[in-house]
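Look at the sequence and the structure, then read on.

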Amino acid sequence: MVIKPKVRGFICTTAHPVGCAENVRLMAEYAAARPGEGGPKRALVIGSSAGYGLATRVSAAFGYGTDSVGVFLEKPGSGGKLGSAGWYNNAAFEKLAREKGLVAESICGDAFSAEVKAQTVELVREKLGQVDFVVYSLAAPRRTDPVSGEVYQSVLKPVGDVFRGNTVNFATGELTQAVIEPASPEEIAGTVAVMGGEDWVLWMQALSEAGLLAQSVKTVAYTYIGPELTHAIYKDGTIGKAKEDLERGAAQIGELLAGKGGRALIAVNKALVTQASSAIPVVPLYISILFGVMKRAGTHEGCIEQMVRMMERMYRGTLVDEAGRLRLDDWEMESAVQREVADIWAKVTQDNLENLCDLGGYRHDFYRLFGFEVPGVDYSADVPDELI
Ligand code: NAD
């Protein structure tokens, strides 16, 4: 079958297995060229099939020789019926890691459920013995409470006031005003339940109770802060409330790990094109402007560059803010970068959009998430059923 991208709203409903595999190979090559010392030996990565979680797993495996178990939720490909991009990313990761002689095992299922936690505990026990690194990198629209069965939804809304701001449809290039009503108390609570720290704590408790946490274990989860112009929709919005709860979770886990000399860390990452961030109003326009500015400044990074830098900092112990958070958004937040972003933001109109913003770069990264527009891949070639 010849596979072409089919974009609907914020997602692409097709994925290219060969392109996804090549993406992962390029990430592995990047990490392997920057090996580190004193890193983790055995990792569990929750949310390992895409975005920051995949990049962390690749960075650990190929930069530090880390054995790993990954957990994700993806649609399998089978019998000529296409799976999701993360399915192919994971298959490519496992193949490359095993060729390098590493343990690379995965579970595809709902990480929020007690069943998947129990299965993972058994797999970690069997394949890794213990873990000294746990990455929590889920981005999900909903979560079913493992005890009550209640289904929580995550929403991307402002808190308190109506939000009005420019946003762009990156597929059509149409610039519009987004008007978003503030979230209700239930919506705030729902977003916190999905994207906050509760599930991370449950994972760490399950691993601790099973005796699977090694001495000096480190665990990390990811957040975003961003500049003032995104605050109403991000930092001060529903997702920001969830991220505050994630930090509360880090403190709770820190207490759990104290006896082992372990640490729970939050890394503040750069805004990047991933499936999760494409769905946030305002963010695609901000990212398009930011990417143009950072590319001109020579400081632009993608997920793998960010996570290689995160691992270096984590294992060299460089913590860069007062709250003990790893700041990988340092180059994004540089004042010269943010001044130029704010300047462009104030000037952008439909007519100058393509000139002032790196919308082409945004689209390219979006397509690459699904294995399209990857250099060196022949998209006119038939993809054999066994790869699908
Ligand atoms: P992503 O959409 O690229 O990946 C999400 C991962 O979660 C995938 O592996 C997916 O399979 C998994 N997942 C989703 N629901 C699941 C479920 N129920 N069970 C098991 N696995 C499930 O997301 P991302 O952008 O890499 O986000 C990861 C983290 O990084 C989030 O906490 C996000 O807020 C944070 N972050 C993202 C950005 C950004 O710009 N993308 C910036 C800073 C921080």
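Q: How many salt bridges does a search of the whole structure find?
A: This is a predicted model. A pair counts when a side-chain nitrogen of Lys or Arg is within 4 Å of a carboxyl oxygen of Asp or Glu. The search of the whole structure gives 25 salt bridges.

Q: Which helix holds both E22 and R25?
A: The side chains of E22 and R25 form a salt bridge, 3.0 Å from N to O. The two residues are three apart, about one helical turn. Both sit in residues 17-32, which is helix α1.

Q: How many residues apart in sequence are the parts that E340 and R296 tie together?
A: E340 and R296 meet in a salt bridge of 3.0 Å, N to O. E340 belongs to helix α12 (residues 335-347), and R296 belongs to helix α10 (residues 283-297). The pair therefore ties together parts whose separation in sequence is 44 residues.

Q: Is R296 buried or exposed?
A: Exposed means over 50% relative accessible area. R296 has 54%. So R296 is exposed.

Q: Are R309 and E301 buried or exposed?
A: Their side chains form a salt bridge at 2.7 Å, N to O. Buried means under 20% relative accessible area. R309 has 8%, and E301 has 5%. So both residues are buried.

Q: Which residues are linked with E247 in a network of salt bridges?
A: Here the salt bridges link up into a network. Besides E247, its members are D321, E322, R325, R327 and D329.

Conventions
Residues are numbered from 1 along each chain as its sequence is written. This is a predicted model: local features need pLDDT of at least 70, side-chain atom pairs count only at pLDDT 80 or more; totals for chains, interfaces and linings use all residues. Side-chain values use heavy atoms; hydrogens and water are left out. Helices (H or I, at least four residues) and strands (E, at least two) are DSSP runs, numbered from the N terminus. Buried means under 20% relative accessible area, exposed over 50%, partly exposed in between (1.4 Å probe, protein chains only).
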